[in-house]
Amino acid sequence: MAATSVDVSDVTDQVPLDVEGDITVPGAPPEEDEEDFSTLDEPVKETILRDLKAVGKKFVHVLNPLKGSRSLLREWDLWGPLVLCVMVALLLQGDNAADTGAPQFAEVFVILWVGAVVVTLNSQLLGGQLSFFQSVCVLGYCVLPLSIALIVCRIILAASATQTIVLFAIRFVTVLLGFAWSTFAAMAFLGDSQPVNRKALAVYPIFLFYFIISWMIISHTHSDT
Amino acid sequence: MADPGRQTVVDVASQEKGDQISSDDLQFHDFSGATLSDGGGGLPGDRTSRMSSDDEPLLDADSDQAELLGGQKKQSPFWTFEYYQDFFDVDTYQVLHRILGSMLPRPGKNFLLTHVRPNPDIYGPFWVCLTLVFTTAISGNLANYFSLASSGSEYHWVYDFHKVTLAAAAIFSYAWLIPTALWGFLWWRNSQLHFTFLEIICVYGYSLSIYVPISVLWAIPVPAVQWALGLVGMLLSGSVLVLTFWPAVRDDERKVTYLTLVLIFILHGLLAVGFMLYFFSVPLHGSPVTPQPHRTTIAPAVSTKHI
């Protein structure tokens with residue numbers, strides 16, 4: 001080491017101890033951030049409306065998957081899937097003891113949620129790039145066309161007491177359309193997240209998931225009174 | 001010879017260090033880096049062919065070596081996600097190849113050794129079983145509908161969702177318990193081929209794949225066709241199973257060998273017969289039985305007669 005000695009006390013007296021200041025990221029607007037994060041003070045109606053608008057926007061995106069923006073993937077939420085799942089399970093459940101063959105509410109609910117989770121886990125284990133909740137969100141939202149088909153089927157079933165072949169054919173075609181739409185929408189959002197040599201392996205479970213839901217919808221008929 | 005990514009500090013003063021570094025270069029470090037890479041797109045074909053051609057002499061000479069090479073692939077601890085990703089490390093063509101191989105018995109080639117090693121997966125068994133559960137339930141409902149519709153009864157047919165739960169219980173127990181029993185049996189008898197538990201599950205899972213199209217066709221309400229289909233399925237995939245496990249038990253006593261193979265074949269057939277009898281109500285005798293509706297709406301009429 002060098003032999004020159006430094007007087008440390010001189011150095012500390014001369015350096016100004018001024019450590020105040022702002023930590024800001026250069027280029028980012030500093031003042032607007034505070035307004036975005038403090039939503040505690042806004043009226044409850046505004047909070048609910050904002051979430052409802054986000055859910056509604058995603059519904060519209062599912063119905064028009066070709067005008068695909070990726071906002072469905074970036075800001076995921078599970079409200080939409082929950083509403084759809086509860087509605088589908090309520091409509092598909094068997095009424096009472098007379099209809100012992102139909103699934104219970106819990107069975108449909110579990111199939112929908114566990115099914116979405118299993119399909120997501122599968123695509124992640126195969127090496128997919130999406131996060132877990134993004135994938136569950138997309139799969140849940142894409143149940144929308146099938147739930148529209150279910151509502152149409154219910155209307156047809158309620159419209160006439162006797163079910164003819166023609167009415168069955170209409171129901172069948174409706175459910176088929178809903179199935180194709182759901183699968184196509186899910187593939188449009190999830191398709192690019194897998195490497196090419198495994199794409200079919202990740203798409204097949206999505207196909208199976210919506211196929212099972214479609215089967216439950218088309219098999220749902222009146223209970224005999 | 002030197003890996004450009006690694007920085008080696010050569011201290012000229014110390015001779016021991018120089019020796020150590022030259023011996024480091026000769027160890028397996030570079031090789032393990034190549035097998036652990038998960039750029040699965042380009043490499044699996046090469047990796048499979050290299051491993052399978054190495055497998056035959058390795059199995060006879062030094063099974064420890066094979067275990068070590070196989071063990072080098074799965075290095076993540078079991079509580080990480082990457083550990084489970086190793087079980088899904090397959091491509092589309094591999095899965096299709098394995099499904100086809102499980103349906104067509106080829107006497108010279110062992111399904112496990114040629115198709116499954118060194119890369120057993122859980123994707124195939126799980127999704128084949130799940131597909132089979134739903135095709136069985138759906139076809140079973142369809143078969144029930146056809147038989148009721150053709151008999152001209154006035155019942156309003158309603159589907160039975162609970163076939164799904166029953167089919168799931170049956171299929172998943174078969175696909176999980178039998179491989180466990182077989183693996184335990186092979187371990188107890190000190191089988192020389194060292195089939196791992198995952199490989200046996202993989203073989204059994206893929207062997208169920210032939211029943212998927214057969215279960216769809218079982219909806220045809222003609223008993224002769226249904227029995228023929230069941231027989232074909234049982235023979236084809238049962239013989240693949242027997243051919244697969246024959247090398248593992250052939251070194252054992254004769255009686256044990258034949259008993260094991262016959263048992264494997266029979267259990268596979270029992271699964272098919274069980275499906276036919278329960279889900280599809282295939283009659284055992286010649287004449288079709290009166291189809292039973294799901295609900296007992298006719299019960300009150302019957303009970304009054306008994307009084």
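Let me begin with a packing arrangement in chain A: the buried residues of helix α5(A) pack against α3 (44-63), α6 (105-125), α7 (132-141), α8 (144-159) and α10 (199-218) of chain A. Please bear in mind throughout that this is a predicted model.

Which residues of α5(A) are buried? They are A:G80, A:P81, A:L84, A:C85, A:V88, A:A89, A:L91 and A:L92. Viewed down the axis of α5(A), these buried residues fall within an arc of 165 degrees, so they line one face of the helix. The general principle is that an α-helix has 3.6 residues a turn, so residues three or four places apart point the same way. On the other side of α5(A), A:W79 and A:V83 are exposed.

The length of this helix may be checked as well. Helix α5 of chain A comprises 14 residues, 79-92, and at 1.5 Å a residue it should span 20 Å; the end C-alpha atoms are 20 Å apart, which agrees.

I turn now to chain A as a whole. Chain A has 10 helices and zero strands, and its pattern along the sequence reads α-α-α-α-α-α-α-α-α-α. Of its 225 residues, 40% count as buried. Among contacts in chain A between residues at least 6 apart in sequence, 72% join residues at least 24 apart.

The UniProt record, an unreviewed entry, annotates "transmembrane region" in chain A at residues 76-93, 105-126, 138-159, 165-189 and 201-218. I shall take two of these spans. Residues 76-93 of chain A are 78% helix and 0% strand, with end C-alpha atoms 28 Å apart. Residues 138-159 of chain A are 91% helix and 0% strand, and there the end C-alpha atoms lie 33 Å apart.

How many cavities of 30 Å³ or more does the structure hold? There are four. The largest cavity contains about 140 Å³ of space. It is lined by 17 residues, and those closest to its centre are A:S123, A:L190, A:S193, A:Q194 and A:A202. The elements that give two or more residues to this lining are α6 and α10 of chain A.

A:S123 is found in helix α6 of chain A. Is A:S123 buried or exposed? Its relative accessibility is 16%, and the cut-off for buried is under 20%, so A:S123 counts as buried. Leaving aside neighbours within four places in sequence, A:S123 is in contact with A:G128, A:S135 and A:Q194. A:Q194 is also among the residues closest to the centre of the largest cavity. By way of contrast, A:S123 and A:L177 are 54 residues apart in sequence, and their C-alpha atoms are 25 Å apart in space.

Finally, chain B. UniProt, again in an unreviewed entry, places "transmembrane region" at residues 126-146, 166-188, 200-220, 226-246 and 258-280 of chain B. Residues 126-146 of chain B are 100% helix and 0% strand, with end C-alpha atoms 30 Å apart. For residues 166-188 of chain B, the composition is 100% helix and 0% strand, and the end C-alpha atoms lie 32 Å apart.

The buried residues of α6(B) are B:T92, B:Q94, B:V95, B:R98, B:G101, B:S102 and B:M103.

Key
Residues numbered from 1 in each chain as written. Chains lettered and ligands numbered in written order. Predicted model: local features only at pLDDT ≥ 70, side-chain atom pairs only at ≥ 80, totals over all residues. Heavy atoms only, no water. UniProt positions renumbered as here; feature names shortened; annotations may be inferred. Helix = DSSP H or I, 4+ residues; strand = E, 2+ residues; numbered from the N terminus. Expected span 1.5 Å × (residues − 1). Buried < 20%, exposed > 50% of the residue type's maximum accessible area, 1.4 Å probe, protein only. Arc of directions from axis to C-beta. Contact = heavy atoms within 4.5 Å. 1 Å grid on protein atoms, 1.4 Å probe; cavity = no way out; pocket = protein on both sides within 12 Å on 5 of 7 lines; lining within 4 Å. Points joined across faces, edges and corners; volume = space filled by probe spheres on them.
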